[in-house]
Amino acid sequence: MAVEILSHNPDPLSRIISWCSWLNDGEGTREERQDTLIRLAQEISTNEELADTAVTLGALPRLLHALGSALKTGDEDHVEVISLAVSTCNARFTGTSVPDQDLRGSCPDVADEEQAVHTYRFPTSGIQVRVSEGDYDSTHEGFGFRVWTSAQLLCEILEKHRFLVMKRTVVELGAGCGLCGLFAHELGAREVTITDGIPGCLPAIQRSCNLVEIGSRAPRACFLDWKCDLEHLNMEADPNLQVGCEPLGSPTQDTWPLLDEDEQFELVIGSDVLYEMAAAATLAATIKRRLKDSRGSVALVVQALRKAELIEEFICRIVAYGFHVTFYDLKGVHLQ
Ligand SMILES: C[S@@+](CC[C@H](N)C(=O)[O-])C[C@H]1O[C@@H](n2cnc3c(N)ncnc32)[C@H](O)[C@@H]1O
């Protein structure tokens, strides 16, 4: 089989080129093609140069299509591998070279289900949270259209340490669909702000906020791009710098509320928010700028361990800002 022959090639770059041309030639059975695509995804996921080559050879639409299928069938292993590969491809091409039409239409089945409402049940507290999923097309750049496993894990941690949340002001960063912020609200937070830096995520967050029971103070949806916080911190350090933060997504940013300049919170939460290198600096800056400087204030980040160097860089940045960091290895922790 072609797939096996190609896998014997010891040079990663040649392997990528062979796999891409093999896929482009339309060879092999469905299973062989899927297998090859997964191997390709594994190979490029931690190597931007290989990802660059794969994008040039037309692999990105195939990966996005495979991601859509994996999401549809609930194959979490493939979702993990392919989404990491896609983010490595996008990191290389941020804001410029990935043509919109390649991304749109590559995942029609997911787009059809865009307004589905899912109920997440947390047996220990008996809390149920209803989450409206996002629109794949408008959130593709950041994978915020669905709830990731890290979000469920973060909710379970909050559930076990409810004191961290109760009567506190909470902000969720890179919220995607906002499950953790919605859950913090149910756990008794005083005020919850659910944010994302891609405007396309905010309609789904707002829909979920609207689902919160009347009578309780509903969480609010706000636009927050961490890049802006980094620029502000840099400007504070050097007033000659200009702040020129452009939103990550479409111009619809204007229609969503922004955080106040000096708004800070007692609890900052984020799940699966570190997946591209730039986030190490920007996310650290947002935590620095948005976490209230008071006793008991804490930031909790739950992150799948994909790129060790990214986590290391983030920890270096956050330590440089003067934070005390505790790192918990959640390996072996299973969702209920
Ligand atoms: C993998 S998704 C995780 C979504 C959600 N936290 C979860 O676990 O289900 C990463 C999220 O981070 C957001 N994001 C990426 N870069 C960002 C930035 N610079 N500022 C704000 N949000 C950002 C994306 O829009 C996306 O919603």
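**Close-up views of a predicted model**

**Figure 1. Ser132 in strand E2.** Ser132 belongs to strand E2, which covers residues 127–132. This view, like those that follow, is taken from a predicted model. Ser132 counts as buried because 21 C-beta neighbours lie inside 10 Å, the threshold for a buried residue being 20 or more. Ala116 is 16 residues away from Ser132 along the chain, and the C-alpha atoms of the two are separated by 5.9 Å.

**Figure 2. The chain as a whole.** The secondary structure comprises 15 helices and seven strands. Of the 336 residues in the chain, 41% are buried. Among contacts with a separation of 6 or more, 69% are made by residues 24 or more positions apart.

**Figure 3. The open sheet of five strands.** The strands of this open sheet follow the order E5-E4-E3-E6-E7, and their pairing is parallel. Strand E5 (220–223) and strand E7 (298–302) form the edges, each pairing on one side only. From one strand to the next, the twist averages 20°. Helix H14, residues 278–290, packs on the sheet and touches E3, E6 and E7. The direction of H14 makes about 165° with that of E3.

**Figure 4. Strand E3 and its two partners.** Strand E3 consists of residues 169–173 and is joined to E6 by four bridges, the two strands running parallel. Within this pairing, Val171 has Val268 of E6 as its bridge partner. Four bridges also connect E3 to E4, again in a parallel arrangement. Here Thr169 stands opposite Glu191 of E4. Strand E4 spans residues 191–196, and five of its six residues are buried, so the strand is largely enclosed by the rest of the structure.

Figure 5. Phe265 is located in the loop that links helix H13 (226–237) to strand E6 (267–271). Is Phe265 buried or exposed? Phe265 is buried because 22 other C-beta atoms lie within 10 Å. Leaving aside residues up to four places away in sequence, Phe265 touches Thr169, Val170 and Val171, together with Arg290, Leu291 and Lys292.

Figure 6. Helix H13 has 12 residues, which at 1.5 Å a residue should span 16 Å. The end C-alpha atoms of H13 are 17 Å apart, in agreement with that expectation. Trp226, Lys227, Cys228, Asp229 and Leu230 are buried in H13. Against which elements do the buried residues of H13 pack? The buried residues of H13 pack against E3 and H14.

**Figure 7. The crossing of helices H2 and H3.** Helix H2 (residues 12–24) and helix H3 (residues 30–44) have axes that come within 10 Å and cross at roughly 145°. The crossing of H2 with H3 is left-handed. On the H2 side, the contact is made by Pro12, Arg15, Ile16, Trp19, Trp22 and Leu23. On the H3 side, these meet Arg33, Thr36, Leu37, Arg39, Leu40, Glu43 and Ile44. Classified by residue type, the contact of H2 with H3 has eight nonpolar, one polar and four charged residues.

**Figure 8. Two loop residues with positive phi.** Most residues other than glycine have a negative phi. Lys167 has a phi near 60°, a positive value in a residue other than glycine. Lys167 lies in the loop between helix H10 (149–160) and E3. With 10 other C-beta atoms within 10 Å, Lys167 is exposed, the limit for an exposed residue being 12 or fewer. Asp272 has a phi near 50°, which is also positive in a residue other than glycine. The loop that holds Asp272 runs between E6 and H14. Asp272 counts as buried because 22 C-beta neighbours lie inside 10 Å.

Terms used:
Residues are numbered from 1 along each chain as its sequence is written. This is a predicted model: local features need pLDDT of at least 70, side-chain atom pairs count only at pLDDT 80 or more; totals for chains, interfaces and linings use all residues. Two residues are in contact if their C-beta atoms, placed from the backbone, lie within 7 Å. Two strands pair if DSSP finds at least two bridges between them. Axes are lines fitted to C-alpha atoms, for helices over the stretch in contact, and angles run from 0 to 180 degrees between N-to-C directions. The expected span of a helix is 1.5 Å times one less than its number of residues. A crossing is left-handed if the near helix is turned anticlockwise from the far one by less than a right angle, and right-handed if clockwise. Ala, Val, Leu, Ile, Met, Phe, Trp, Tyr, Cys and Pro count as nonpolar, Asp, Glu, Lys and Arg as charged, and the others, Gly among them, as polar.
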